[in-house]
Structure formats: C-alpha cells, structure tokens
Amino acid sequence: QVHLVESGGGLVQPGDSLRLSCAPSERTVSYYSMGWFRRAPGKEREFVAATRWNSASTYSKYLADSVKGRFSTFRDNANNAMYLQMNSLKTEDTAIYYCAATSRRLIDGREPQDYDYWGQGTQVTVSS
C-alpha cells in the first residue's frame with residue numbers, strides 16, 4: 001500500500017534548482033509531521049528537512065545544517081503536501097530523496113525511526 005507519492009527529482013547542473021513534492025496517496029489524509037531524508041551512494045541516510053503542524057494554519061520547519069541557506073521546505077494545506085525547494089545545488093547533494101510522514105507531532109523530525117510512512121524515493125543527480 002502506497003502512502004506517500006514523491007515527484008520532482010532529476011538531473012541538473014551545479015547551481016541549478018529543483019523542487020521536490022510529497023503528497024499522501026489518499027489526498028484526504030493529513031500528517032502532523034513530514035520530513036525529507038536522503039541517501040547518497042555509499043553513505044548513511046541523513047536528515048534533510050522536516051515540518052510539523054502547530055495549528056490549522058501554522059507549522060514549524062527544521063533544516064539540516066548542510067542545506068541551510070540553500071534549501072527550504074513548506075507545507076500546502078490545500079492538498080496536504082510538503083515541498084522541498086532546493087537551490088544552489090551541489091554535486092554532494094546527489095542522492096535518493098525520501099519523504100516520510102507520521103500522524104504524531106514530532107519534536108524536530110530528525111530521526112527516521114520516528115516516522116511511520118515512507119515514499120518510494122526520487123533520484124536527484126547534480127552533475128556537470
């Protein structure tokens with residue numbers, strides 16, 4: 001059963017931008033906490049970004065230090081989606097990016113084991 005659907009990956013050059021999106025396969029489902037993780041070749045999975053609804057209209061955002069100033073994340077209440085805007089991409093950003101979600105309110109969403117649902121992953125390749 002697919003819970004999360006990701007899109008937006010691709011092949012880009014250093015300095016380019018990409019936007020990843022993640023939405024529940026059941027569009028009426030909304031998750032309190034959603035996150036982005038990535039796994040580069042030969043490396044461990046690492047946290048990238050997370051969001052957590054605090055009210056019907058406000059949410060908290062968390063970013064890994066390695067992407068602060070270049071990446072941003074935001075939620076769309078209309079379709080229960082989360083986005084990862086990636087600017088000034090570097091070759092070291094090359095990885096498979098995974099979306100994760102849970103109905104629980106996580107503190108900062110940095111731990112992958114706290115999530116209940118995962119997307120299939122989308123490949124991001126940054127190469128000249």
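The side chain of Ser60 makes a polar contact with the side chain of Asn54, at 2.6 Å (a polar contact is a pair of N or O atoms within 3.5 Å; within protein, one must be able to donate a hydrogen and the other to accept it, and residues adjacent in sequence count only if both atoms are side-chain atoms). This is a predicted model, where local features need pLDDT of at least 70 and side-chain atom pairs count only at pLDDT 80 or more, while totals for chains, interfaces and linings use all residues. Residues are numbered from 1 along each chain as its sequence is written, and side-chain values use heavy atoms, with hydrogens and water left out.

**Around Ser60**
- Ser60 sits in strand 6 (strands are DSSP runs of E, at least two residues, numbered from the N terminus).
- With a relative accessible area of 18%, Ser60 is buried (under 20%, using a 1.4 Å probe and protein chains only).
- Leaving aside residues up to four places away in sequence, Ser60 touches Ala50, Thr51, Arg52 and Asn54 (contact means heavy atoms within 4.5 Å).

- Strand 5 (residues 45-53) and strand 6 (residues 59-63) pair in the antiparallel sense over five bridges (pairing takes at least two DSSP bridges).
- Ser60 is the strand 6 bridge partner of Arg52.
- Five residues make up the hairpin link from strand 5 to strand 6.

**The disulfide**
- There's one disulfide by count (a pair of cysteine sulfur atoms within 2.5 Å), and it joins Cys22 to Cys99, with S to S at 1.9 Å.
- Cys22 lies in strand 3 (residues 18-24) and Cys99 in strand 9 (residues 95-102), so the pair ties together parts 77 residues apart in sequence.
- The torsion about the S-S bond of Cys22 and Cys99 is about -75°, so this disulfide is left-handed.
- Cys22 counts as buried at 1% relative accessibility, and Cys99 counts as buried at 0%.

Conventions: Helices (H or I, at least four residues) and strands (E, at least two) are DSSP runs, numbered from the N terminus. Buried means under 20% relative accessible area, exposed over 50%, partly exposed in between (1.4 Å probe, protein chains only).
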